[in-house]
Amino acid sequence: MPLEALPVTDSTAGGALLVLAIVMPAVALVALLGLGGRGARTIVAAALLVQLLVAARVALLVAGTQAPLVYVVGGFHPPLGITLRADGISALMMVVSAVILAAAAAFAWKDFAQPRGKPEARLSLIFWSALLAMTSALNLLFTSTDLFNLYVGLELLTFAAIPVVAIKGGAETVRAALRYLLFAVFGSMLYLLGIVLIYGAYGTLATAEIAAHVTPNAATLAAAGFVTVGLLAKTALFPFHLWLPPAHAGAPAAGSAVLSALVVKGSLFLLMRLWFDTFPTLRAPDDMQLLALLGALAVIIGSITALRQQRLKLLVAYSTVAQIGYMFFVFTLVPTDAGDVIAGTAWTGAWLQVVAHAFAKAGMFLAAGLVAEILGHDRIRELGGLSAKAPLVVLAFAISGLSLMGLPPSGGFSAKFMLLVAALAEGHWLWAIVIIAGGVLAGAYVFGVLSRMMAAPAAGVELATVGRGRQLIALGLALVALLMGLLPLSPIAFLTIGRLP
Amino acid sequence: MIPGMLAMIVLPLAMALLLLWAPLRPWIVRALGLAPVPGLLLLPAAWDGGYSSVTLQGGWSYVLDQPGALLLAASTLLWIIGGFAASRWLAGRRDQARFALWWLLTLSGSLGVFVAGDVVSFYALYALASIPAYGLIVFAGGEDDLRAGRMTLAAALIGEGLILAAFVLLAVSAMGQGLAIAAVMNALPQSPYATIILILVVAGFGLKIGLVPLHGWMPLSYSAGPLAATAVLSGATSKAGIIGLIRFLPHDTAMPLAGGLILTAGLFSALYGAVLGLTQNNPRSVLAYSSVSQLGQMAAVLGAGLAAGMPGADSVVAYYAVYHVLTKGGLFLLLGAQAEGRVTPTWQLVLAGVMALGFAGLPLTGGALGKLAFKDVAGGGATGLLFALAAVGSTVLMLHFLTLVRRATPSADRASISAAAWVGAVTAATVLQWSLFSAVTGVSAAYALKPGVIFELLLPVVVGALIAWALAATDRKRPQLPPGDISAHAAGFIERASPRLAGLATRLETEMRRWPVSSLALVVTLIVLVAMQALRVPG
Amino acid sequence: MTAALLFWLAGSGLIGLAVYGLIVNPHPLCKLLALNLLGSGVFLLFGVIARRGAAAGLGGDPVPQALVITGIVVAFSATAIAVGLLLRLHGEAGVASIDEEDDAP
């Protein structure tokens, strides 16, 4: 297996930040387990604040130098060593996940408190450690350039998500967690199988070197297939979403927000990384129609199913199934000739969809959690009286819904508009119709819920009060999705920084 | 102008936001009539016919031209009058804040859409004018209200989808030239998608103006909900569809075929609405059919203008619409003013009769001026005859409405809208129409006083009156149809069928969620994916 | 038949067997065993790859071996978590089944 020497990239200034982003939460996790639950929240708060600063710094450096940050771990270059690399999309996702994790932690602050004088609750320790583990795993996924290393990140992410799903206890949630775990491990085994084939064919697992040598031979095609379906299972693209609705609906609100907004995006990020940066020459947009087809089914069937749900959290979870579908159009819509305006439009649209959905869905799950807390249930038929009792919660739900429906101004609109422009410019009429129909259906389910929330309360219903702070967190996340709509509707250069041509 | 445009959009939204704060709620409800006031700053533009525009950061742009200013002037006045009527009607109601919220959102969109200068702003404001109306219609929460609300929401969402498709195709056609309406419309004639864009535009906005056969939701929607809300929805927000057609039909290029088709569709709507309206026994539903007819005529004139390539059609249609905005709104307010058990004073019936016959072009009314203004665009010959027939139909329909109003036994709910509201609205319609005539047509308003002109206008009204008299004299029972006739019937069919379709989708989803099915699908996907790739690569 | 080919076939056979079991066997414990089998198959393939690296004159390519060790740790963790969940599910519900009692609307 002769490898012609690639230009060796050395660590860039600030590259060590990437190590910090991955290692620091892990160190905090160890500290957490060592020190026990008393100081858990303080450690998590400190770690997530540092995380915010690190992510912001990474993004600023990438934007400032217009080049990716690189760190060669231990000075060992690939193929033996591992290189961490943050390009535009990595930096973007690092910032997004740092913000949403911090918001979720703030939201869960009281729920998973460890009051003095009471016996230590294992649950809160589990929640906070899971949050830290997710932080580390996500950063690893966003920055690693080694396929096996990415596998470890993927598994770490799943293992961190499982306890969050199961934390409430009860047969239903444990069953959901088990389904999730088994299906996700199935997916990662398929991914691992793909990696074996790639290593066998190229003798390396470094994405850049594979990209430089990739040829469409049988082993590579099979490997790409295994890796792709493995990641589809983890991303819960229809019809591989069997685990998602019960898992996301069963977790506590802050957990659902992180699961829906970030965890499914981890494997999606990897999938995009693979097809656009690792096997770029292998991707024929026409062959990717299969993924677009599944995406389209996800949009339509997910939305219709959401429309028919009777519980708010399940509705929001099915909305995630639908919204994930939109992201899969990108594999077809980005033409192979780089530098094309359409390519930039589709690429930007897809990332806007990822980010806008992350914020809108996090805001919506937090709002749904507050709804359940206020009413003591989340039956959609009996949501009456909410608007009078907690208008901020309804507002947060409405604004998130605006973005999911794709009405301007919102990130969801910008994303959908750009995906539509790309779809129609390339003559993909069917996908365009699906994108529009998905918006109409989303309008129906969001509005259905909103009008219930506005209705008069049923007689004799006791409504609990929830803190203003948590309402504002949900609202703040929704507002980010809204404000993204003020971005101009043109390709964003930041998203292409450091991408392999 | 520019601060006025922005204030007009932002003030209602800001007031809606302030509803969050409970102590302010009663004050905001009381001030509903003040929310549209910034729109008054833009009133002069209706006369001077100037053009001003502003582009904000991020490409959001707003323009004020004569068609927009005309529609805006009338709508602002109607929203002010309606706002005060609504405040009074809401006084002391427990759920007034909810009404105010939907009202203010609709208001912002309804006025803003007239000044939107780029595709995204237009889309956003159009949505705001269409979707929150649902909350107003279902306000009382009755079974009929809910059904009407569902229909209206479905029409609004589907319309949104259609115009979004049109807008994206326009953006694709004008790739790289920005999203200002002027820019994308410049690219339209050369666009390979011109035909489909036109179809989407006509269908999307046609849904809003109830262009037959897309009219089914309108009689249902206008028959439900509080009358103050129906007044502004029928008068002002329906014009979002008219401004949509004005903005998104080409201006400088003559398109005889497309224009001819729109003209035909509009005239068909005009006659259809007038005739089918006679089958209704609810005055609100009759007014809705009259709207179908009137808005159809406006679409027809726009079609005639497109066929002939006359950009001036925009202004005359907007001018004609001014009368419809305030008078249609006024007639709904009249229904709200009818107090329980008390007979409507004769002078009010006479005034209402004159104003209603204005839709048929009764001389000296504002409606007559509107018809005179678009005569040149609409043309003579067969088209002129059809417009005259529509006027005859309008006469019969409006006389039918008046008999219903005289007989009506209003429900208790309507009682608290003051008669001043509707009288104010129709007066404003007349004043605006007379004072704007020369500014729009360039001809002195004295033209409308010439005996020849009066005779020509009077003829259809007299014929219509004779027909109405004959119908009444024969004393035959009129056929009766459910509101929305075949279109509502079709919609009802879809409504009944859709749960079954949705049930099918959810059953499929449940099936796919079973472990063996899903995991087998994973393996199948793997095989298909690899096979597709392998087949592409030779060898 | 070379040893590499034999191992290759054995690994593939294990994977096929495991995927079949994973799809058709409803009991979660069996699914878990199938997943472990799947893992073993994949690790075997790693071994084959490492042997092929030996052609370059090394005693064996060390990278796949390192990967297998890590992979085994990950698979072990997954198994541990799954067993924990299974026991808890059995405790809470009395049966350990991941089929949903049809809770579809």
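In this predicted model, the centres of domain 1 of chain A and domain 3 of chain A, taken over C-alpha atoms, are separated by 26 Å. The domain assignment of chain A places domain 1 at residues 8–143, domain 2 at 146–283 and domain 3 at 287–501.

**Contact between domains 1 and 3 of chain A**

Across this boundary, 14 residues of domain 1 of chain A are in contact with 15 residues of domain 3 of chain A. On the side of domain 1 of chain A that touches domain 3 of chain A, helix 2 (40–65) and helix 3 (88–108) of chain A each supply at least two residues, and the largest share, eight residues, comes from helix 3 of chain A. By class, the residues on this side of domain 1 of chain A divide into 11 nonpolar, two polar and one charged.

**Contact between chains A and C**

The contact of chain A with chain C takes 26 residues from chain A and 30 residues from chain C. On the side of chain A that touches chain C, the elements that give two or more residues are helix 5 (147–166) and helix 6 (171–202) of chain A, and helix 6 of chain A gives the most, with 16 residues. The residues of chain A on this side divide into 18 nonpolar, four polar and four charged.

**A helix pair in chain B**

Two packed helices are described by the angle between their axes and the distance between the axes. In chain B, the axes of helix 14 (residues 256–276) and helix 15 (residues 283–308) come within 7 Å and cross at roughly 160°. Because angles over 145 degrees count as roughly antiparallel, helix 14 of chain B is roughly antiparallel to helix 15 of chain B. The crossing of helix 14 of chain B and helix 15 of chain B is left-handed.

The table sets out the residue classes of these contacts.

| Side of domain 1 of chain A that touches domain 3 of chain A | 11 residues | two residues | one residue |

**Confidence in chain A**

Chain A averages a pLDDT of 90, and 96% of the residues score at least 70. Over residues 1–5 of chain A, however, pLDDT stays under 50, and for these residues the model has five contacts beyond four places in sequence.

How values were computed
Residues are numbered from 1 along each chain as its sequence is written. Chains are lettered from A and ligands numbered from 1 in the order in which they are written. This is a predicted model: local features need pLDDT of at least 70, side-chain atom pairs count only at pLDDT 80 or more; totals for chains, interfaces and linings use all residues. pLDDT is the predictor's confidence in each residue, from 0 to 100. Two residues are in contact if their C-beta atoms, placed from the backbone, lie within 7 Å. Domain bounds come from an automatic or database domain assignment. Helices (H or I, at least four residues) and strands (E, at least two) are DSSP runs, numbered from the N terminus. Ala, Val, Leu, Ile, Met, Phe, Trp, Tyr, Cys and Pro count as nonpolar, Asp, Glu, Lys and Arg as charged, and the others, Gly among them, as polar. Axes are lines fitted to C-alpha atoms, for helices over the stretch in contact, and angles run from 0 to 180 degrees between N-to-C directions. Angles under 35 degrees count as roughly parallel, over 145 as roughly antiparallel, 65 to 115 as roughly perpendicular and the rest as oblique. A crossing is left-handed if the near helix is turned anticlockwise from the far one by less than a right angle, and right-handed if clockwise.
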